[in-house]
Amino acid sequence: MFGTVPYCVFALLFSLAGCTTEWAAEGSYYRATQTLLDVQSTPPGKISINGSHKGESPLSIPLEYEREVQRKTRKVSYWISQPGLALGITLLSLGIYLPFSAIPVDVELRQEPQSNYRLNRFVVQVQADGHQPWEDTVVCTGQDRLALNPVLARRE
Amino acid sequence: MISTIKTKRVVGAGVLSCMVLFLLSACGTVEHKVNLLNNFTPDQATGVEVGKVTNETGKTFDPEVNVEDMLRRALTEKLTAEGLLWSNATPKKLVLDSKILDYDQGDAFKRWLLPGWGATVLTIQSDLRQDGQVVGTVDAKRTVSAGGAYTIGAWKTVFDNLAGDVVEDLRSKIPKVEPKQ
């Protein structure tokens with residue numbers, strides 16, 4: 001008779017673990033993100049980003065911009081969010097909590113980065129004596145690093 | 001006969017302990033982490049200033065529930081208690097800009113009636129800046145999803161508890177200045 005009890009308990013635990021609601025979108029927000037820009041010009045020169053002087057090349061500088069993050073939530077049972085607590089309450093209540101533990105009481109949050117960015121365009125300028133100024137626009141889209149190796153033309 | 005009485009006692013004790021647990025405990029989730037970017041290591045004498053706090057929930061709350069102000073005040077109190085609040089005497093400053101991503105006031109009576117119903121939820125995301133540059137991020141979330149009378153006022157205390165989590169994380173990254181002997 002008792003041989004089937006452990007199987008029933010496991011079956012019940014598995015079914016309880018599945019007590020969740022669907023993920024629901026809860027809006028989005030923009031989160032600060034960074035890409036490290038390495039500039040190594042030939043010859044070395046002064047580097048400006050968006051018109052602001054940043055230093056002399058070679059230079060590594062973090063570019064800061066924003067990435068959209070989608071928030072999603074769902075309701076889950078404690079067996080998913082806090083299995084230790086669920087087990088503890090079940091044991092303390094001598095198993096009486098078990099049928100109630102199926103209720104999806106807790107809120108689980110998921111943050112999904114999107115491919116939308118803002119303030120992610122940077123105008124990089126390099127100036128060196130006796131050379132034509134060099135300029136390029138960098139668009140950051142979540143890369144860890146970006147490298148620029150500009151070669152400045154001599155002035156006629 | 002005796003075994004029936006024993007069984008009834010065991011079941012009774014189980015029901016009672018279950019009820020006491022539900023009445024007294026505030027069950028919910030606590031999640032918090034700090035992430036310092038590019039191996040940034042704060043100096044020992046670094047203070048933290050509470051910067052911008054914005055409401056990104058997309059919800060409007062009652063006039064007496066000013067979520068931005070409640071979080072700002074809670075963070076300031078916890079930073080002060082931990083000796084981390086920036087002052088003019090502290091040479092290095094980190095600015096903590098925070099976004100409130102989710103907030104639900106919840107309702108203690110609903111939670112008591114049916115766990116999960118009337119949950120109090122607070123989720124924030126913060127950026128740590130030094131000289132205007134992001135040097136770290138903090139994510140923190142607290143929920144009070146079940147419990148009874150003990151959870152009355154959770155809509156307010158959740159700010160203090162979450163601020164405590166954030167400051168605990170910051171303290172773990174900013175070395176404490178030992179008083180000179």
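This is a predicted model: local features need pLDDT of at least 70, side-chain atom pairs count only at pLDDT 80 or more; totals for chains, interfaces and linings use all residues.
**View 1. Chain A at a glance.** Chain A has 3 helices and 8 strands. Of its 156 residues, 21% are buried.

**View 2. A four-stranded sheet in chain A.** Here 4 strands of chain A make an open sheet, ordered β3-β2-β6-β7 with antiparallel pairing. β3 (52–56) and β7 (134–139) of chain A sit at the edges with a single partner strand each, so one side of each has no neighbour in the sheet. From one strand to the next, the twist averages 25 degrees.

**View 3. Zooming in on β2 and β6 of chain A.** Strand β2 (residues 46–49) and strand β6 (residues 121–127) of chain A run antiparallel and are joined by 4 bridges. To get your bearings, find S48(A): the residue opposite it in β6(A) is Q125(A). Strands of a sheet pair through backbone hydrogen bonds, in either a parallel or an antiparallel way.

**View 4. Where chain A meets chain B.** On the chain A side, 25 residues are in contact with 29 residues of chain B. The elements of chain A that put two or more residues into its side are β1 (24–39), β4 (59–76), α3 (83–92) and β5 (106–118). β1(A) gives the largest share, with 6 residues. By type, the chain A side splits into 14 nonpolar, 5 polar and 6 charged residues.

**View 5. Chain B at a glance.** Chain B holds 4 helices and 5 strands. From the N terminus on, they run α-β-β-α-β-α-β-β-α. Buried residues account for 38% of the 181 residues of chain B. Among contacts in chain B with a separation of 6 or more, 76% are between residues 24 or more positions apart.

**View 6. The five-stranded sheet of chain B.** This open sheet puts its 5 strands in the order β1-β5-β4-β3-β2 (chain B), and the pairing is mixed. Its edge strands are β1 (30–36) and β2 (46–55) of chain B, each pairing on one side only. Ignoring direction, neighbouring strands are turned by 20 degrees against each other on average. One pairing to look at is that of β2(B) with strand β3 (residues 92–104) of chain B, which is parallel and covers 8 bridges. Within it, V53(B) stands opposite S98(B) of β3(B).

**View 7. Helices on the chain B sheet.** α2(B) lies across β2, β3 and β4 (120–130) of chain B, and runs at about 170 degrees to β2(B). α4(B) also packs on the sheet, where it touches β1, β2, β4 and β5 (133–144) of chain B. The direction of α4(B) makes about 140 degrees with that of β5(B).

**View 8. α2 against α4 in chain B.** Helix α2 (residues 67–82) and helix α4 (residues 154–173) of chain B pack at an angle of about 45 degrees, with axes 8 Å apart. That angle makes α2(B) oblique to α4(B), and the crossing is right-handed. Residues making the contact include M70(B), L71(B), A74(B) and L75(B) from α2(B), and F159(B), A163(B), V166(B) and V167(B) from α4(B). Sorted by type, the residues of this contact come to 9 nonpolar, 1 polar and 4 charged.

Definitions and conventions:
Residues are numbered from 1 along each chain as its sequence is written. Chains are lettered from A and ligands numbered from 1 in the order in which they are written. Two residues are in contact if their C-beta atoms, placed from the backbone, lie within 7 Å. Ala, Val, Leu, Ile, Met, Phe, Trp, Tyr, Cys and Pro count as nonpolar, Asp, Glu, Lys and Arg as charged, and the others, Gly among them, as polar. Two strands pair if DSSP finds at least two bridges between them. Axes are lines fitted to C-alpha atoms, for helices over the stretch in contact, and angles run from 0 to 180 degrees between N-to-C directions. Angles under 35 degrees count as roughly parallel, over 145 as roughly antiparallel, 65 to 115 as roughly perpendicular and the rest as oblique. A crossing is left-handed if the near helix is turned anticlockwise from the far one by less than a right angle, and right-handed if clockwise. A residue is buried if 20 or more other C-beta atoms lie within 10 Å of its own, exposed if 12 or fewer, and partly exposed in between; C-beta atoms are placed from the backbone.
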